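Please look over the structure shown here, together with its sequence, and follow the explanation below through it step by step.

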Amino acid sequence: MVAPASTQEVAGVVTVCARHGAGIVPQGGNTGLCGGAVPDLSGEQVLLSLSRMNRIRRVDPGNDSLVAEAGCILADVQAAAAEVDRCFPLSLAAEGSCQIGGNLSTNAGGLNVIRYGMARQQVLGLEVVLADGTVWEGLRELRKDTAGYDLKQVFIGSEGTLGIITAAALKLAPKPANPVTFLAAIRDAGDAVALLGRLRSVLPDRIDAFELISDRCFDLVARHLPDARRPFAERPGWAVLADAVEGTDEGRVEAVLASCFGDGLVVDAILAKNKAEAAGLWRLRHAIPEAERPAGYCLKHDIGVPVGRLARFLAEAKALVARLEPDARPIVFGHVGDGNLHYNVLQPAGDDGFRERGADLSRSLYDLVAKFEGTFSAEHGIGVTKKELLRTYRSEVELGLMRTLKTALDPDNRLNPGKVI
Ligand code: ZN
């Protein structure tokens with residue numbers, strides 16, 4: 001492992017590796033879920049940690065931007081923005097240890113995509129070390145720039161296979177007002193989309209997060225966190241957890257919930273009265289991935305479909321799981337406002353053969369996602385674990401374009417070899 005502390009040192013490492021024919025695996029906070037930052041077992045790949053490149057180079061509140069090195073922890077970038085009364089809106093569960101370079105190289109998503117977009121929407125410019133050790137200095141901090149191809153977007157989401165991001169010029173947003181947080185119980189997952197529509201009609205562009213949680217998640221969390229209880233006495237089936245900024249339109253969220261309650265769209269609702277109550281509701285959501293672990297083997301699917309088709313997709317997925325694995329337990333949660341759900345399926349209690357059979361269920365679910373013109377990887381990337389899926393669900397034309405880019409930018413296959421394509 002090498003841990004360079006400057007762009008020139010990264011370039012030096014890449015040059016030496018090129019001379020000796022060694023592959024390079026860039027690694028940020030090592031929180032990825034698809035093995036993209038892990039060397040293969042050959043023992044011949046150099047792990048390049050960006051952790052020491054952790055300076056905020058400059059902050060420009062006048063331009064609403066800052067320049068951060070790749071190894072900056074995401075939470076530190078958020079804190080640097082807060083110091084000048086701005087916000088860096090990318091937010092995800094691993095923000096205390098993931099690094100901005102990794103977030104950009106995987107085009108991370110997370111909780112606030114509904115309002116601010118994915119990681120690639122937060123970037124103004126990049127500094128990248130290329131496969132031959134030259135440095136592309138593209139750290140422009142411009143909102144408008146039509147001079148040629150938008151090269152930064154080629155590197156964002158490429159998982160270190162086209163170049164090594166060493167620094168980024170990032171867009172800052174105004175500091176958001178405190179949101180109103182609510183947890184609403186609904187009968188049908190499709191009602192979440194209807195509720196989102198109602199909320200948007202009165203507070204367009206001011207919904208920070210809109211998450212769907214299936215009822216079984218609350219059971220797991222109640223078992224996992226000793227002091228947590230199920231939030232609703234009844235079992236409505238699903239719940240929506242949302243943050244919406246009312247600003248001067250105080251009472252709007254409550255009014256929407258009341259009208260939805262009247263129509264039967266919402267069965268029950270908890271409106272947080274203060275920050276502590278809001279944090280308590282979000283804690284239930286954040287605990288889900290950890291609460292899953294002790295419950296047994298879980299097949300995970302980071303899927304996305306167009307929001308308008310989500311209700312139909314969920315109905316068909318439920319029928320599919322019931323047909324193929326009637327005793328398996330779907331644990332569904334995620335970013336319903338973006339059409340992205342973590343459609344996980346927990347093994348039937350005591351049935352360890354599920355692990356063996358899981359591949360068939362996953363493939364059927366992915367086929368269903370494809371039928372709805374969705375994606376098998378909405379926010380976790382490809383790494384090594386989803387390479388096969390990329391080959392299956394993307395066209396030859398698309399794969400050919402990806403190979404063309406890879407060959408052009410890394411002709412000797414030195415950068416993160418064996419990942420993505
Ligand atoms: Zn997620």
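This is a predicted model: local features need pLDDT of at least 70, side-chain atom pairs count only at pLDDT 80 or more; totals for chains, interfaces and linings use all residues.

Because His342 belongs to strand 17 (residues 340-346), while Glu379 sits in the loop between helix 12 (354-371) and helix 13 (387-393), the pair ties together parts that are 37 residues apart in sequence.

We can turn next to helix 2. Within this helix, which spans residues 74-83, the buried residues are Leu74, Val77, Gln78, Ala80 and Ala81. Viewed down the axis of helix 2, they fall within an arc of 160°, and therefore they line one face of the helix. These buried residues pack against strand 3 (56-60), strand 4 (65-69), strand 5 (86-87), helix 3 and strand 8 (164-171). After helix 2 comes Asp85, whose phi is positive, near 65°.

Helix 3, one of those packing partners, covers residues 100-105 and contains Asn103, a residue that is buried, with a relative accessible area of 4%. Beyond its neighbours within four places in sequence, Asn103 is in contact with Leu74, Leu90, Leu92, Cys98, Ala108 and Ala119. Asn103 and Ile164, although 61 residues apart in sequence, are 13 Å apart in space, taken from C-alpha to C-alpha.

Terms used:
Residues are numbered from 1 along each chain as its sequence is written. Side-chain values use heavy atoms; hydrogens and water are left out. Helices (H or I, at least four residues) and strands (E, at least two) are DSSP runs, numbered from the N terminus. Buried means under 20% relative accessible area, exposed over 50%, partly exposed in between (1.4 Å probe, protein chains only). Contact means heavy atoms within 4.5 Å. The arc is that of the directions from the helix axis to the C-beta atoms.
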